Amino acid sequence: MIKNLFLVAIRNLMKHRLYSIINIIGLSIGIVCSVLILLWVADETSFDTFHPKADRLHQVWVNAEFDGSITSWSSVPLPTYQAMKTADSNIRNAVVTGWGNDRLMTVGDTRIIKKSYFVSEEFLEMFEFPLIEGNAEYVLDDPPSIVITESTAKALFGNEDPMYQIIRVDDESDLKVTGILKDIPKNSSFQFDFLMTWKHRESINPWVARNTDNWGNYSFQIFVELNDASHELLVEENIRDMLTKKGQDDIKREFYLHPMLRWRLHSNFKNGREAGGMNDYVQLFTIIAIFIVVIACINFMNLATARSEGRAREVGIRKSLGSKRHELIFQFIGESMFISLIAFVLAMLLVQLALPYYNIMVDKELFIDFASRDFWLFSLGIVLFTGLVSGSYPAFYLSSFKPVMTLKGKVSVGKSASLPRKILVILQFGFAIVLMVGTVVIFKQIKMVKSRELGYDQKNLIAIKYTDELAKNYNVIKTELVQSGAVDAVTRSNSAITSITSNSFLGWPGKPEDLRVTFATIATEYDYVKTMGIKVLQGRDFSPDFKSDTAAIVINKAALDLMDLEDPIGTELDLWGDKRRLIGVVDNVLMGSPYNAIKPMFMIMDPEWISYISVRLSQSNDLQFNLTIVKRIFEKHNPAYPFDYVFSDEEYQKKFTTINMTSKLASLFSILAIIITGLGLFGLVSYTAEQRTKEIGIRKVLGASVTSLVFLMSRDLSRLVVIAFIVSAPLAWWLLDKWLDRYDVRIDIEWWIFPLIGVVALLFAIAIVSNQARNAALVNPVHSLRNE
């Protein structure tokens, strides 16, 4: 019986080659899109799941209530580390870390820059990254210890045994290798090449040691391990008021726990609650994957039901010979499964060809693990899903024919199947219209955000990480750079122009008592405004001609608007318990997220609080020539470090990585969805034209023109596209408006986008329909009516 069904399926495929090819190609493209999307989704949802204790690990966050809303952040006071160990019996362990930083590693003549973390000794016991050598319980106990990854060991020591070897870090600390880790997986929230002990950080950085008991400095990352994942809410209840009890009661601040398994997908908070993150994109592309598979399945259903008249006699004969309805259903679904299997095999070949280019687009290293049981379960699932969805309706429809009526030729199956086919075409075009509108809206959002006024000049601006040697020689370096002619200006600051690394509260005359606003904080020195190309609106920048500028302050326009000061220059502002004299107001500068409104900002002079040197290269010389001169000067005064720099415009563009990827993927899958829809429409119209050959011949004999016949055949399908537009346009607007709400700076969805997409969809459909209709209308009626 199975053999017979298989042979029947092969014969039907060969008999109707055009429609078989359309079905197979349509399903293949749909499966390719879905597999590519789901590979990306699987990678995103797999973040941190490899940790054995992932469900019990949490980061301590703060909710702070001020300015009428709740702001959340992940940096907490250092004494939280020890306090968490005794705060609740359900907390098994706690660990403190700093932020990840690039640092110089030196072994002999080998110098490399690698990413590192300072961590307390519990780190590898809680986060069980696999150790090749060393014991997680002891490997970070001694202050001068260092734990490196396998690839870092290879880069520094080659084939030598790295254990207990000495590595010089930042040209100031000699550390002994006490452990070798397997390379950190790409789907880990922690990305590093080596670990150093927290005790060592305390020994080389007095600032850290001074903050051991300071509950007012929110600069540290604290993580806890629970005895049981179910204790999360209980622990939160017990630690919530810890900051208030420790004297942090100027505003309402509360601790809460952010579970590790939600770090990647749920990283955004609004008013104290989760407000999306990468999960928004995971959901978006999962929906797109479902849309595309459904569109491909609709092609199959439409063509199968449209060709049902050709198989009505077959059903009648089989039933008259004793076939039961369930046997016919099994046969038709089996044929659908067979086509799905062929489409899936073809899709896997296409996926393998597309993956290298797709990986570049999404900036990942995705691959299909053919040895994985999950892959084969997924393969079986997608074949069954597409086979059942595509074949179920045609199977039940065809098997319902009465044998007496079909054998007498009295079943007009085309008419009885027209309504479901029309509904499926409407769904198909509706999905395609939603995707096309989404592509246009995402493109316009990106264009709007990228065109925002920056408030500074990105051209020829580079940033170099600060080191101790650069700090000692900064004034000499600055003088030599400016005198070289390769540089127009030099400054130093606590952050690069493309980021905000510190926020503070600021007071001003007339400020309401209950108003608490955080200001972006820039610690800098002379020539910051000149180097960055920022416009001074009132007053002046810091100047060596005024010794009192060490106690001065400069604010941006957003800060001035907030303070509402009529004559700001000379006003005394309150900062950290001291008075600062306002000497200047500068234009707003876009330093943070381009999707957010520009924050109030102030600048102060503090040469001890520096992380970057910024250099404005001269535009009068060749760029590479300038860089060569700058490199020579930096290497002269900072010989231990390779000259490493970043262009500010390139760093700024990295802020658009996720939304650029979203735009590219949405555009790609929209095009593929349209192709699938077009294939289905082509097949359906071809078959309809074939079925109406005699009608067209009679109309031509009676005097109908080719134009009128084309219009006749195009009219019905054009109506379906219009209905699809009417149904999908409001849905597209609602979905996209909700998606745009995640951005503070967003476009308004303009009305003209919808009729534009509607006209494009209609013209696309008419082009396909009219072409096939014209071919049918040009057939000589003598040939179409010869059997009559």
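**Exercise 1.** In this predicted model, is Tyr743 buried or exposed, and how do the rings of Tyr743 and Trp739 sit relative to each other?

*Solution.* 
- Start with Tyr743. The relative accessible area of Tyr743 is 7%. The cut-off for buried is under 20%, so Tyr743 counts as buried.
- Next, look at the rings. A pair of aromatic rings is described by the distance of the centres and the angle of the planes.
- For Trp739 and Tyr743, the centres are 5.5 Å apart and the planes stand at 85 degrees. Over 60 degrees counts as edge-to-face, so that's what we call this pair.

**Exercise 2.** How many aromatic pairs does the whole structure hold, and which parts of the chain does the pair Phe129 and Phe192 link?

*Solution.* 
- A search of the whole structure turns up 34 aromatic pairs.
- Take Phe129 and Phe192: their ring centres lie 5.5 Å apart with planes at 90 degrees, so this pair is edge-to-face.
- Find them on the chain. Phe129 is in the loop between helix 4 (123-126) and strand 6 (131-133), while Phe192 is in the loop between strand 9 and strand 10 (194-197). They're 63 residues apart, so the pair links distant parts of the chain.
- Check burial: Phe129 has 4% relative accessibility and counts as buried, and Phe192, at 3%, is buried as well.
- Zoom out a bit. Both rings belong to a cluster linked by ring pairs, whose members include Phe50, Tyr117 and Trp263.

**Exercise 3.** Which residues of helix 5 are buried, and why do they line one face of the helix?

*Solution.* 
- Helix 5 covers residues 150-157, and its buried residues are Thr152, Ala153, Leu156 and Phe157.
- Look down the axis of helix 5: the buried residues fall within an arc of 105 degrees, so they line one face.
- Here's the general idea. An α-helix has 3.6 residues a turn, so residues three or four places apart point the same way.
- What does that face pack against? The buried residues of helix 5 pack against several strands, among them strand 4 (101-107) and strand 7 (145-149).
- Just past the end of helix 5, Gly158 takes a positive phi of about 65 degrees.

**Exercise 4.** Which arginine lies over the face of Phe546?

*Solution.* 
- It's Arg540, at 3.7 Å from the ring centre.

Methods: Residues numbered from 1 in each chain as written. Predicted model: local features only at pLDDT ≥ 70, side-chain atom pairs only at ≥ 80, totals over all residues. Heavy atoms only, no water. Buried < 20%, exposed > 50% of the residue type's maximum accessible area, 1.4 Å probe, protein only. Helix = DSSP H or I, 4+ residues; strand = E, 2+ residues; numbered from the N terminus. Arc of directions from axis to C-beta. Contact = heavy atoms within 4.5 Å. Phe/Tyr/Trp six-rings, centres within 6.5 Å; stacked < 30°, edge-to-face > 60°. Lys NZ or Arg CZ within 6 Å of the ring centre and 35° of its normal.
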